[in-house]
Protein chains: 2
Amino acid sequence: RGEQVGPVAGISIFGLDALSSAAYGPEAALTLLIPLGLLGPAYLLPITISIIILLAIVYFSYRQTIQAYPGGGGSYTVARENLGARPALLAGAALMTDYVLTAAVGISAGVGALVSAVPSLQPHTLALCLFILAAITVVNLRGLRDSGLIFMGPTYLFIGCLFSLLAIGLLQTLLNGGHPAAVIAPPKLPPATAAVSLWLLLKAFASGCTAMTGVEAVSNGVKAFREPAVQTARRTLTIIIVLLMALLGGIAWLVRAYGIGATDPGKPGYDSVLSQLAAAVAGKGAFYYVTMASILLVLAFSANTAFADFPRLCRAIASDGYLPNSFADRGRRLVFTSGIIVLAALSAVLLILFGGVTDRLIPLYAVGAFLAFTMSQAGMVAHWRKKGGPGSTHSLLVNGLGAFVTAITVAVVMVAKFAEGAWVTMLLIPGMLLLMQVIRRHYRRVALETDSTSPLSVDDVRPPLVVVPMERWSSVSKKGLRLALTLSPDVVALHVAADQESDTLQEQWDQLVAQPARRAGLQPPQLVVLPSPYRFRITPIVDYIRELEAKGPGRQIAVLIPDLIERRWYQYFLHRQRGEVLAARLLLTGSRQTVIINVPWHLGAELPSGKPREG
Amino acid sequence: RGEQVGPVAGISIFGLDALSSAAYGPEAALTLLIPLGLLGPAYLLPITISIIILLAIVYFSYRQTIQAYPGGGGSYTVARENLGARPALLAGAALMTDYVLTAAVGISAGVGALVSAVPSLQPHTLALCLFILAAITVVNLRGLRDSGLIFMGPTYLFIGCLFSLLAIGLLQTLLNGGHPAAVIAPPKLPPATAAVSLWLLLKAFASGCTAMTGVEAVSNGVKAFREPAVQTARRTLTIIIVLLMALLGGIAWLVRAYGIGATDPGKPGYDSVLSQLAAAVAGKGAFYYVTMASILLVLAFSANTAFADFPRLCRAIASDGYLPNSFADRGRRLVFTSGIIVLAALSAVLLILFGGVTDRLIPLYAVGAFLAFTMSQAGMVAHWRKKGGPGSTHSLLVNGLGAFVTAITVAVVMVAKFAEGAWVTMLLIPGMLLLMQVIRRHYRRVALETDSTSPLSVDDVRPPLVVVPMERWSSVSKKGLRLALTLSPDVVALHVAADQESDTLQEQWDQLVAQPARRAGLQPPQLVVLPSPYRFRITPIVDYIRELEAKGPGRQIAVLIPDLIERRWYQYFLHRQRGEVLAARLLLTGSRQTVIINVPWHLGAELPSGKPREG
């Protein structure tokens, strides 16, 4: 994403995803604290402090990954190089989940900000999510210019707005002895329905951890940084982490000071925590709306980053044979097209299943992200063990601590959020692992079947029987017949006629085809008219070819199918399908005798110019 | 849908759609009457009487259509035969709109019934709609057994439940002097916020007219009826219309007696009119839930009828050249597949745009359905005028009255519901007309370009240069090379190598290919190795073919692409794409010199059995 970037651009390109997590992480924790009533907001602070400590550990881990993998060290790469195929697949499955959720949560949280600012839109939450998803998908399918500049506006606007908000809020809090007066009071907290318990705090911590998602982005893209790349990348990561810590800490502090709690997610009256905070600190003026717009924008852009990363990850996994090889080729737009469509479809399914409500997506997100963290850190531990040398023990311990705490977090999330949705990942991730292994096994079986070391055998070089289906006499069928005559002396033209009586092709055949062929000293093509009283156009041809195959088992048959081509996007819908269906039916149900020859006719380009009509 | 059906099966197959309209038509009118407060329910009766009169007129019109078109007289057919191409396209566009809305409204109203019975599901309205749409789409893509029997259960259950409900309700009303006590009182009507006005009643009438949608089904399917088909169809239509009138009249009567009003559609607390009525008459016991389930079922089945009708309509329009010809072929599953996918996509867009709320879809539905009615009746007027003879004046007047009143209704709906959504159809229907004419013009231009009457010219019958891209030496590449040698003496094998040093194909070429070819007396194929340091696999091949084309402008080039085929649904994802991309790039960007030869390799079926590995 960009080339030779410094910290300023780097923060926006690689920090967007991490920083935007501040928009849903604290809220995810606060939502769990709703049953505590008035006490809820106060407990966000200790939870946030735990998250900040976890973040610091992960930060030191990723500093090392950056140094060890200056070419870019994604979880999948690191795990594959150091831990082997199976752990790498686990990392890959976790990352794929992570990216799908980055898209889904980015969009749903963005829409959450939007419906907080404009409450009348709340009933349309899911429709808005799907609309934004469709817009991002279309933009990515058309190809987004990979310019870091478009990220800078929203990112710095977001940073600017949020830090202004925090600064004003902190000042007010200090000036008012810890109890600032809200400009617009947040919704009243409901009465407490539960007492504080370790279990509740653990669940809130598990949800709040999603505030850390996205911090791995810098380590994936080290080589995009300006030389010395490793130093620039590390400095950028440091700034991003410090900004994120300040945001999380500041939000937790002000939430307590203003007594802000989460509102019921997905219900009318929903008001996001940052919206409540902005309204409490600064009222609902222009600043409020600019802040909310910047939140919506960074979240939409963070969803967009998944659209760049997911296809790349699929390519890496596919080039190892674990995903369809169409994901693997370099330099193909289709690689990205497939990846984008798969990602969009999965995100849409999740958004629809969970009604576009962020809070319901959080458990899945936390599992995917932290499992990927763990696999990456564990890979680094193996890396240092293999490498050895001075300092490697220290590095091993740092990454080991990272792996340990993130693994503990995965376990906490799995247990604490099992019923709320983490069970989905318990089915999803093993399912993905199984699928990837089945794909790999399939490719190996195919390779085994087609492997050959024996030389070419050239026993029967008789030219094939060439069959030319022909709807009517046209320039296109002439081109096909001409080609057929160069390939083989045995050519059969097939004409499907609903009403043989009124059909004129048979009468004209001698004059149009047989005579010119004879004059050129060639065996004239034979015309076969197939009756089709019910106006089927494809089945009679397929049946005839089947008969030919049965009659001459050793004979190659080449079916020549014309293909009208126009260089417009809609041409596919207008022309190609009938020929494709015939080709597909012949290939799929055919024997090994039959091959297909596609003869293109380029509309508007085949006839000599200045002569639009022939004859 | 079925064959040789009598009235009993006919009512369920062809009446399902019309009868299920009673589940949303009266409610659509009542929703407009909400501002009248307590007075609202009373005004449903006069509106329903107007709708019943309109229904009677349309009934007599369609009786005549059945007699005149015993082969099936859909709006498009009748308009095309009697009014010409442009009016037929208008009818076609109106019908397509109608079918899309039949699917969308059937589903949304069904979900409306579901969330009335289970209010906790209300926030998931849109997700439920999309889920049911997906289920119906999958069932139809897999091919639904066209058995009338599956329609009979839900239809007669629905008729049975609703008439029991009406009977009990009417009895209670009569026994209690017009003021029955509700078992479960309906939600309180809100205070009046507007006075009665003609404008308001007109808008309610316009919405309520959707209670008539679907009555045309019998006239489309006359030939499915038992002989004498016309009489059986007419009798079936009579029964359906009488049942529908009784349902609408009974509902309107009871709504007034019990003081039932519509609740805010799409908001929490939504309770459908039939749900309120069932609860008021019989309480929320087993009967209530059976009734609501039967409503959900008939509405889902009525959405399903659109999935059978829409592809057939598309085929009729496409066979006249106004839609892509892939919709037109007979006996092709793909025709239905395309139609089903287009219908599902359009319905999904509408459901998402309108949040799955029936009330917001009603204006579009009314315009589409009544425009189709009008075009059909207007076609019948032209039919009688052309036909002449005894009785034709009488018939002309009956259909003329039908055309007139339905045209008036279209105008009323357009004006009354313009702001609420009818404006969408003002853009949509002309847009569809334009699109259909552009498609037709395109096909005519192509026909003109390719038309030919001149005989075949056979000046240059030199065999083509055959190019065989080859990833590695395998049974598949051997098959391709063997075929190439039968087609032409000039064969070039293309091998893309990331690292030419370590590539062994070049060393082995002489032994594997050149020597056997020479021994058989053939010109040995030449091996060309293309370097690809960045591991692009397709671009080097395309570039090489482009060079060949430029070097020999007159020479035909045949590119031979192997195609791994496995008869499993997933084979497309695993094998075909890379070859297809190469073929598509060569065809789309190529000149007229290049043709593609697809050589299939049937996995598991090409090698002699008992010999899974060769060599």
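B:Glu420 forms a salt bridge with B:Lys203, the closest N and O atoms being 3.5 Å apart, where a salt bridge is a side-chain nitrogen of Lys or Arg within 4 Å of a carboxyl oxygen of Asp or Glu. B:Glu420 lies in helix α16 of chain B and B:Lys203 in helix α8 (residues 198-208) of chain B, so this pair ties together parts that are 217 residues apart in sequence. The model is a predicted one, in which local features need pLDDT of at least 70 and side-chain atom pairs count only at pLDDT 80 or more, while totals for chains, interfaces and linings use all residues. Residues are numbered from 1 along each chain as its sequence is written, chains are lettered from A and ligands numbered from 1 in the order in which they are written, and side-chain values use heavy atoms, with hydrogens and water left out. Helices (H or I, at least four residues) and strands (E, at least two) are DSSP runs, numbered from the N terminus.

**Salt bridges**

- Over all chains, the structure holds 14 salt bridges.
- In the pair described above, B:Lys203 counts as buried at 15% relative accessibility, whereas B:Glu420 is partly exposed at 35%; buried means under 20% relative accessible area, exposed over 50%, and partly exposed in between (1.4 Å probe, protein chains only).
- B:Arg472 forms a salt bridge with A:Asp451, with 2.5 Å between the closest N and O atoms. B:Arg472 lies in the loop between β1 (465-469) and α17 (475-487) of chain B, and A:Asp451 in the loop between α16 (418-450) and β1 (465-469) of chain A, so the pair joins two chains.
- B:Asp451 forms a salt bridge with A:Arg472, again with the closest N and O atoms 2.5 Å apart, and this pair likewise joins two chains.

**Relation of the two chains**

- Chain B can be laid on chain A with an RMSD of 0.1 Å by a turn of 180° and a shift of 0.1 Å along the axis, the superposition being by least squares on the C-alpha atoms of residues with pLDDT of at least 70 in both copies. That is the relation of a two-fold axis.
- In chain B, the C-alpha nearest the axis belongs to B:Ile597, 2.2 Å from it.
- The same surface serves both copies, since 100% of the contact residues of chain B recur in chain A, contact meaning heavy atoms within 4.5 Å.

**The sheet**

- Ten strands form an open sheet of mixed pairing, in the order β3(A)-β2(A)-β1(A)-β4(A)-β5(A)-β5(B)-β4(B)-β1(B)-β2(B)-β3(B); two strands pair if DSSP finds at least two bridges between them.
- β3 (526-531) of chain A and β3 (526-531) of chain B stand at the edges, each with a single partner strand, so one side of each is left without a neighbour in the sheet.
- Three bridges join β1(B) to the parallel strand β4 (residues 557-565) of chain B, and B:Leu465 stands opposite B:Ile557 in β4(B).
- Helix α18 (residues 505-519) of chain B packs on the sheet, touching β2 (491-497) and β3 of chain B, and its direction makes about 170° with that of β3(B); axes are lines fitted to C-alpha atoms, for helices over the stretch in contact, and angles run from 0 to 180 degrees between N-to-C directions.

**B:Asn140**

- B:Asn140 is placed in helix α6 (residues 125-142) of chain B and counts as buried at 12% relative accessibility.
- Not counting residues up to four places away in sequence, B:Asn140 touches B:Asn304, B:Phe307 and B:Ile340.
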